[in-house]
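Student: I would like to learn how to read helix packing and chain interfaces. Could you walk me through an example?

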Amino acid sequence: MPAIISRARAPIAILTDFGYRDHYAGAMKGVIASIAPSAPLIDVTHGIPPQQIVAGAIALRESWRFFPRRTIFLAVVDPGVGTKRLPIGIATRAGARFVGPDNGLLWLAAEAAGVKSIIELTASRFRLADVSTTFHGRDVFAPAAAWLSTGVPIAALGRRLPAMTQLDLSAGLEERPNELRGIVVYVDGFGNLITNINRAHFERFAARFRAQSLSVTIKQHASIPVRKAYGDAGCGAPLAIFGSFGMLELAIRDGSAAERYAAGVGTPVRLRARI
Amino acid sequence: MPAIISRARAPIAILTDFGYRDHYAGAMKGVIASIAPSAPLIDVTHGIPPQQIVAGAIALRESWRFFPRRTIFLAVVDPGVGTKRLPIGIATRAGARFVGPDNGLLWLAAEAAGVKSIIELTASRFRLADVSTTFHGRDVFAPAAAWLSTGVPIAALGRRLPAMTQLDLSAGLEERPNELRGIVVYVDGFGNLITNINRAHFERFAARFRAQSLSVTIKQHASIPVRKAYGDAGCGAPLAIFGSFGMLELAIRDGSAAERYAAGVGTPVRLRARI
Amino acid sequence: MPAIISRARAPIAILTDFGYRDHYAGAMKGVIASIAPSAPLIDVTHGIPPQQIVAGAIALRESWRFFPRRTIFLAVVDPGVGTKRLPIGIATRAGARFVGPDNGLLWLAAEAAGVKSIIELTASRFRLADVSTTFHGRDVFAPAAAWLSTGVPIAALGRRLPAMTQLDLSAGLEERPNELRGIVVYVDGFGNLITNINRAHFERFAARFRAQSLSVTIKQHASIPVRKAYGDAGCGAPLAIFGSFGMLELAIRDGSAAERYAAGVGTPVRLRARI
């Protein structure tokens, strides 16, 4: 791929659980357009399931690296709005900036991008004049993202914090002699079940069974084969695959694995050698 | 907050009930991009419940003030398309312009922004060449908004009207000696129940009961306490709060009040002193 | 309408079945912003029903002509991702460019725009460095669309193909002496049932019954009258109308015809003279 040239202003990429019914995401975009009229606005998604921080964190981790280097990610999944959870901004070694609540939402992406500094968003001149207790996305986070894009340095937005809230997806992950156990951590809109088994886990385990093919068990449904492409399964057939998340996921060709197996976040899965 | 500088072209902010399934909103955006290629396009929402003019009017009232001063709002919730309801454009003292059907949809926002002039969109050269009877959003309203953004004065779009259709949200609002009655006028995507009781109504009523705390009754569920932040209620607990609408709303912390109380638009609520 | 002046860069208009829950559409937009930071991005819709190529093809056919002449349409409804279906780019006589899978999705629009050349997207330097087997929208199609918008000629994206996969909507269409038969080919988000009977079919048939009005039958529900505007039917009443698709569609004023008649894609309809 030829070198990517980024002459234009870095975009502000927005990810929330506000949904598409109300004007909430729209009001945030209005605030940004008022402060930084020439910043390109990109909706990553507003469809994160309400208040599911882990789902938002995974979606952010899976998308940030595809954006221009200096993109500002404005992420709001914020069940604790109005309580003591801190509003933060993060600068990273990769160049990306993140703005949102300090509740774990930003952790997976910020960790992957390399945290350089964490700022609590305390500077009142970079907030709206009236800050509600219910809508920090509009009143605190959107202005912070917009001012960043105009060139305000992140350190000006508040006081430096030594650490941020982390998120751990390894719960339920266990390597046993004859099986690799994991759990579903995300269900996408097609009903694909994304697990917390990544390629490194998988390959370490698979190395022991070189001669045998592996298959996945979920809720008594055994022998779901591991495939390279959705198209390698027949129509309506199940498969396990490393999808665009880089995690092992269970899918039904042209169907929904979440429905077929009545499975969701937390459902255990097991990887075994096929007998 | 530092002064907001708006060098860029005013955005066109779009709010409809077209949903996210079809290409209808997309076709409108194509029309705008054809006429005004450098006008920033911002989706406020396309998720207004189908043909619910009041829901659209409230969403518009709650969002317009967060946008740049000269924003053009293109709003389409239009059950009467193809009938005698007029297509209109509105200039306001606050600077915002509104374009859409004259069915009450634009009223709440236009009233708040201060109506300066109302124009019926009759000028055929500022419409598409073929105007369908079913899709004025694409054929009449989108072109009008786009031409406005290129600098065409609003008066050029048609003939001046003396008045527009208004919308009254005070039905069901009643101040009694011992209780303040209102109704639910909007249900948001989180299931929060927004009432027609605003802060002025509330404070006038509350002033009489200074020593006592107030609580809200809905459908026999009494004693929902009035709180400052969602986080002040325990997980799963109900609360009444002045949310981002500036109206009293009923919510469940991390849940849906609409589901819990099987309530919707029109459901009565009562505010009383706690005994 | 005054002449349309297009000084700005042609937009990239995106249509997918990725839905609004996940970050998939967002990741594609990030890729585009990285390669072509100043290309305007317009979401046509991401709500095409999952893997329904015909629905996507119709939505694209109905929207492309409303966009600026040189718009690049990035369309992804791709049940065969990772299999042998080819990734293609299309140049047209009308000016529009189309990028997506060669599975019929692009056919209706490309045919209407006049196919000039078809290119298989084989040039690896215009793809992402790592192409997954599951997400060509992000890894192959988005980069191709972005590079096109920077001025890369379409011929540079790969090797020329002699033909592309076509789509035929005339199945179920039949002209009989006393009735015109068709089927529902699309159901929109309002529940309107769009048939494959176009205006030419209709007028040829109607010419034989000049003195009589025509009506439509669906699933034993006879005598749905043909109207000019939704508003010509009473509230809750059914009507047949040439809607914004330019096809005969069945609708319920302020309601859903899909629900009322329990009808969907494939349901037969018959047009007859009213007795």
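Tutor: Gladly; let us begin with a helix pair. A:Ala27, A:Met28, A:Val31, A:Ile32 and A:Ile35 of α1(A) meet A:Gly137, A:Arg138, A:Ala142, A:Pro143, A:Ala146 and A:Trp147 of α4(A). Contact means heavy atoms within 4.5 Å, and helices (H or I, at least four residues) and strands (E, at least two) are DSSP runs, numbered from the N terminus. Note that this is a predicted model, in which local features need pLDDT of at least 70, side-chain atom pairs count only at pLDDT 80 or more, and totals for chains, interfaces and linings use all residues. Residues are numbered from 1 along each chain as its sequence is written, chains are lettered from A and ligands numbered from 1 in the order in which they are written, and side-chain values use heavy atoms, with hydrogens and water left out.

Student: At what angle do α1(A) and α4(A) pack?

Tutor: Axes are lines fitted to C-alpha atoms, for helices over the stretch in contact, and angles run from 0 to 180 degrees between N-to-C directions. Helix α1 (residues 24–35) and helix α4 (residues 136–149) of chain A pack at about 40 degrees, their axes 9 Å apart.

Student: Now the interfaces. What area do chain B and chain C bury between them?

Tutor: The size of an interface is often given as the accessible area lost when the parts come together. With a 1.4 Å probe and summed over both parts, chain B and chain C bury about 3000 Å², 60% of it on carbon and sulfur atoms. On the chain B side, α1 (24–35) and α4 (136–149) are the elements giving two or more residues, and α1(B) gives the most, with nine.

Student: How many salt bridges are there between chain B and chain C?

Tutor: A salt bridge needs a side-chain nitrogen of Lys or Arg within 4 Å of a carboxyl oxygen of Asp or Glu; the count here is zero.

Student: Which element of chain B gives the largest share of the side that touches chain A?

Tutor: Between chain B and chain A, the count is zero salt bridges. Among the elements supplying at least two residues to that side of chain B are α2 (53–63) and β9 (179–187), while β2(B) has the largest share, four residues.

Terms used. Buried area = accessible area lost by both parts, 1.4 Å probe.
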